[in-house]
Amino acid sequence: MEIKVCKACGFILDTRPNMKSENGICLSCLNKDRKNSIDWKERQKWLTAYIEKTRNRNVEWDCVVGVSGGKDSCAIVKRLFECHGVKKALLVHFCDEFTPSLAGLHNLDNLAKKYNLDLINFRCAPQTFVEETKKSFFEELHPLKWIESQLYSKPLEIAAAFNIPLVFMGENPAFEYGESEECEIFHPASNEKTKVIFMGSIWPYSNIDSLEQAEKMGFKQLSDFDDWQRQGSIDDFTQIDSKGYMIQHWTKFIKFGFQRVSDMACRFVREGKLTKEQALQLIKDSDYICDPLAKKDFCRTIGITVQEFDETVDKFANKDILVKDANGKWRRKDLL
Ligand SMILES: [Zn+2]
């Protein structure tokens with residue numbers, strides 16, 4: 001199989017499920033230009049009016065915000081309060097069973113304190129988490145399939161239970177990850193009673209923008225603490241909440257030939273912070289690396305051995321695009 005990369009950003013083409021490309025350019029890059037034709041000011045005005053219109057005056061909260069505590073959560077909350085007239089929001093956080101990072105703990109605590117918000121810390125049934133994670137790891141090498149579905153469905157269920165009309169989420173993943181040309185405002189799970197809105201469809205989403213907003217609120221990066229010097233990643237401010245969770249991303253490298261380094265480096269190209277050549281070098285140097293602490297935390301949490309982990313990874317490795325190097329690590333054939 002010939003391995004092709006996007007001519008504009010360097011992202012591997014034809015392996016990410018549902019990701020589209022045209023003439024050798026990924027849809028994420030094409031969507032970057034589409035962002036320029038969206039009237040963001042108009043969408044922002046619309047949202048302020050929409051919140052006012054849908055506010056349920058018999059309910060204490062205007063909206064639910066599903067929060068990880070990460071930079072995007074901070075940016076959403078900040079804008080809802082400072083730009084869109086939200087008076088009270090209910091934060092809903094999901095903890096997985098992995099070890100939280102010190103930065104993640106700080107950020108979640110800081111987010112609630114900053115605007116003095118109610119926060120539900122939702123812990124999904126721990127034994128179910130372990131069983132489901134183990135099952136989808138062994139059967140599909142898609143370990144966090146179950147918890148990710150919970151992350152999407154639970155904020156809606158909680159909003160419905162409290163009669164809260166609106167739920168906010170961050171970026172619109174279909175648009176940002178090149179599956180759709182439309183930057184839809186409403187999440188497809190929206191229903192009559194509860195609407196789910198992507199803030200990334202109201203304010204043009206970028207990592208740098210989210211980080212700037214979040215840092216104004218006291219957001220801290222991994223490097224501000226010393227519990228986790230993360231490997232297999234080129235930033236210290238995305239997906240930093242818990243350690244074992246990183247395995248979900250790394251398994252994508254094994255199946256599709258990309259993980260967080262590709263995602264972030266290519267985004268930085270689109271955001272003007274890196275050249276395509278710099279991104280390709282970073283991808284070559286570190287996208288294959290499995291963070292040792294994340295692997296340890298993952299195996300311990302779901303109760304499997306490192307040998308079981310490695311054997312499962314070998315079984316699912318995409319041999320069309322990957323090959324083992326001299327150190328026994330799976331690497332992309334085209335980047336060796
Ligand atoms: Zn691209």
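Reader: Before we go on, from what number are the residues counted?
Author: This is a predicted model, in which local features need pLDDT of at least 70, side-chain atom pairs count only at pLDDT 80 or more, and totals for chains, interfaces and linings use all residues. Side-chain values use heavy atoms, with hydrogens and water left out, and the numbering follows each chain as its sequence is written, starting from 1.

Reader: Are C6 and C9 buried or exposed?
Author: Buried means under 20% relative accessible area, exposed over 50%, and partly exposed in between (1.4 Å probe, protein chains only). Both C6 and C9 come out as buried.

Reader: Which residues of helix α1 are buried?
Author: Helices (H or I, at least four residues) and strands (E, at least two) are DSSP runs, numbered from the N terminus. Helix α1 covers residues 27-35, and what covers its buried residues includes β1, β2, α2, α7 and α10. The buried residues themselves are L27, S28, C29, N31 and K35.

Reader: What is the phi of N18?
Author: N18 sits in the segment before β1 (21-22), and it counts as exposed because its relative accessible area is 58%. Most residues other than glycine have a negative phi. N18 is not a glycine, yet its phi is positive, at about 70 degrees.

Reader: And what about N163, where is it found?
Author: N163 has a positive phi near 60 degrees, though it is a residue other than glycine. With a relative accessible area of 40%, it is partly exposed. Its place is the loop between α6 (145-161) and β6 (166-169).

Reader: Which residues is S201 in contact with?
Author: Contact means heavy atoms within 4.5 Å. S201 lies in the loop between β7 (195-198) and α8, and it counts as buried because its relative accessibility is 0%. Leaving aside neighbours within four places in sequence, its partners are W40, R43, N172, C183, E184 and I185.

Reader: What is the volume of the largest cavity?
Author: On a 1 Å grid over the protein atoms alone, a cavity is a set of points where a 1.4 Å probe fits but cannot get out, and a pocket is an open set with protein on both sides within 12 Å along at least five of seven lines; lining residues have an atom within 4 Å of a point. Grid points are joined across faces, edges and corners, and a volume is the space filled by probe spheres set on the points. The search turns up four cavities of 30 Å³ or more, and the largest is about 110 Å³.

Reader: Which helix supplies the largest share of that cavity's lining?
Author: The lining has 14 residues, with A75, R79, M199, Y205 and S210 nearest the centre of the cavity. Both α3 (71-83) and α8 (207-216) supply at least two residues each. The largest share, four residues, comes from α3.

Reader: Which residues touch F316?
Author: F316 is in helix α13, and it is partly exposed because its relative accessible area is 22%. Not counting residues up to four places away in sequence, F316 touches F137, F138, E139, E140, L141, I254 and K255.
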